[in-house]
Amino acid sequence: MSKNKTTYVCSAEDCDYRSPRWLGQCPRCKEWNTLQELIETPSVHPTVAPVGGSTPIPISQLSATDGEVRLRVGIQELDRVLGGGLVTGSLVLIGGDPGVGKSTLLLMVLDRFARRGIPTLYVSAEESARQVQLRAERLGIGGDTLFLLAETDLDRALSAVDQVGPKVLVLDSVQTLCAPHIGSVPGSVAQVREVAARAMALAKGRDLPTFLVGHVTKQGGLAGPKALEHLVDTVIYFEGDGSTQLRALRATKNRFGSTGELGFFEMSSAGLVEVPDASARMLSERVPDAPGTAVVAAMEGSRPLLAEVQALVGRPTPGTPGRTVLGLDKGRLDMLVAVLGKLGYALHDRDVFASAAGGIRLTEPAADLAIAVALASSLRERPIDPGTLVFGEIGLVGELRAVSHPNLRVIEAARHGFRRVIAPAAAARHAPEGVELIGVRTLRDALAALA
Ligand code: TYD
Ligand code: MG
């Protein structure tokens with residue numbers, strides 16, 4: 001302990017400034033009160049030997065999947081986000097707002113393994129054993145191979161691993177577990193780093209796949225921003241807004257697979273239910289003949305997602321008209337209102353409401369065309385043909401610009417029964433059978449094609 005050295009680390013996002021003294025303002029990012037004490041202790045955890053050992057091998061003799069054993073969780077939406085299953089010995093950080101369902105999801109994950117006779121251990125440093133047990137009862141989870149420990153002391157949690165010998169481990173959460181030899185409070189940068197480093201050493205040392213829960217802090221980053229993400233193998237965010245039951249899993253870092261993949265779930269009274277066809281779910285409440293709605297094919301990671309954009313245009317008002325957006329980009333709405341004005345769709349003196357239905361966020365520029373035609377449709381009170389889907393970015397002079405993955409978008413539209421797609425001209429090569437693909441160069445042409 002005498003060798004302890006104190007450093008202060010900036011906890012602001014994207015900043016990792018270190019100073020030997022505490023400072024009120026970070027000299028690098030200029031944020032106030034972000035410097036946190038980090039006590040560096042001589043490392044007590046074994047050095048991590050990466051898979052493959054410490055003898056150099058010619059790269060040609062290694063295959064991409066050498067030493068990589070995957071365990072299927074059996075929850076498809078999660079397995080896909082993980083890159084095809086849980087890699088043994090990997091440390092997976094599950095981040096998200098409190099209450100989004102992280103603990104629920106991980107309890108279900110352990111249950112899937114336990115049902116196959118694989119011993120698992122859930123360490124809860126946040127809820128009492130009774131609370132976790134009540135949740136398990138609610139989810140219909142039990143069995144002799146799912147072990148539960150309510151413990152905040154990291155050392156004791158890790159000795160439970162020796163006792164139980166689990167094949168999958170959950171540590172819930174990195175902010176509430178506490179390494180006693182670190183002289184700072186749980187949740188501090190020093191503590192979360194230590195907890196994550198010890199979890200990593202354990203995962204690698206025993207080839208034990210481990211899920212580490214991390215709450216997102218007020219600034220939007222995981223605790224000890226940047227302090228954790230580079231330490232772990234995989235970072236998955238569990239997202240969802242309070243207004244809907246829909247939840248999305250998104251990998252933002254994955255040493256064993258691609259990022260950007262999405263997995264959808266719905267929070268129900270019986271726990272999280274997979275939503276394998278998110279597009280169908282997004283469109284399930286659509287009123288096809290109402291003016292002011294349009295369907296867009298947006299990209300979420302490598303997957304296309306069909307979503308409904310709604311617009312409502314009010315009567316002309318003498319005062320300053322209101323602009324309300326939900327789940328869409330406000331700046332793009334303002335721009336589209338101006339572009340439509342040039343085409344004779346006068347919206348400047350009317351209240352405008354626009355939203356992405358179903359509580360999702362559609363900030364991709366490909367949604368521009370859907371927003372614009374929904375606005376025009378509401379203004380003229382003319383519904384858009386329900387069998388038509390649109391996508392494309394709109395530029396300031398009303399030109400329709402190409403977007404990524406046009407073929408995937410069109411295929412998803414076809415799969416859901418859309419017969420006509422209006423898209424940037426460059427996309428027109430990718431029409432699957434049964435779909436009329438209309439490539440247009442301008443918003444004006446798109447509106448003409450819809451009339
Ligand atoms: P939880 O897993 O505790 O979230 P986190 O660990 O991310 O903080 O999820 C808590 C919320 O989920 C809580 O508001 C209750 C709700 N919930 C259900 O709606 N149904 C269920 O079956 C369960 C277990 C929880
Ligand atoms: Mg929890």
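How many residues lie between β13 and β14 in the hairpin that they form?

## A strand hairpin

The two strands of this hairpin have 2 residues between them. Do keep in mind, as you look around, that this is a predicted model. Strand β13 covers residues 262–268 and strand β14 covers residues 271–274, and their pairing is antiparallel, with 4 bridges.

Next, let's turn to a helix pair. Two packed helices are described by the angle between their axes and the distance between the axes. For helix α8 (residues 368–380) and helix α10 (residues 443–450), the axes come within 11 Å and the crossing angle is roughly 55 degrees. Because of that angle, α8 counts as oblique to α10. The crossing of α8 past α10 is right-handed.

Which residues meet where α8 and α10 touch? From α8 come L369, A372, V373 and A376, while α10 brings L443, A446, L447 and L450. Sorted by class, this contact has 8 nonpolar residues, with no polar and no charged ones.

## An arginine in α5

Our last stop is R193, which sits in helix α5, residues 189–206. Is R193 buried or exposed? Its relative accessible area is 16%, and the cut-off for buried is under 20%, so R193 is buried.

Setting aside neighbours within four places in sequence, the contacts of R193 are V9, D16, R18, L38, A227 and L231.

Conventions: Residues are numbered from 1 along each chain as its sequence is written. Chains are lettered from A and ligands numbered from 1 in the order in which they are written. This is a predicted model: local features need pLDDT of at least 70, side-chain atom pairs count only at pLDDT 80 or more; totals for chains, interfaces and linings use all residues. Side-chain values use heavy atoms; hydrogens and water are left out. Axes are lines fitted to C-alpha atoms, for helices over the stretch in contact, and angles run from 0 to 180 degrees between N-to-C directions. Angles under 35 degrees count as roughly parallel, over 145 as roughly antiparallel, 65 to 115 as roughly perpendicular and the rest as oblique. A crossing is left-handed if the near helix is turned anticlockwise from the far one by less than a right angle, and right-handed if clockwise. Contact means heavy atoms within 4.5 Å. Ala, Val, Leu, Ile, Met, Phe, Trp, Tyr, Cys and Pro count as nonpolar, Asp, Glu, Lys and Arg as charged, and the others, Gly among them, as polar. Buried means under 20% relative accessible area, exposed over 50%, partly exposed in between (1.4 Å probe, protein chains only). Two strands pair if DSSP finds at least two bridges between them.
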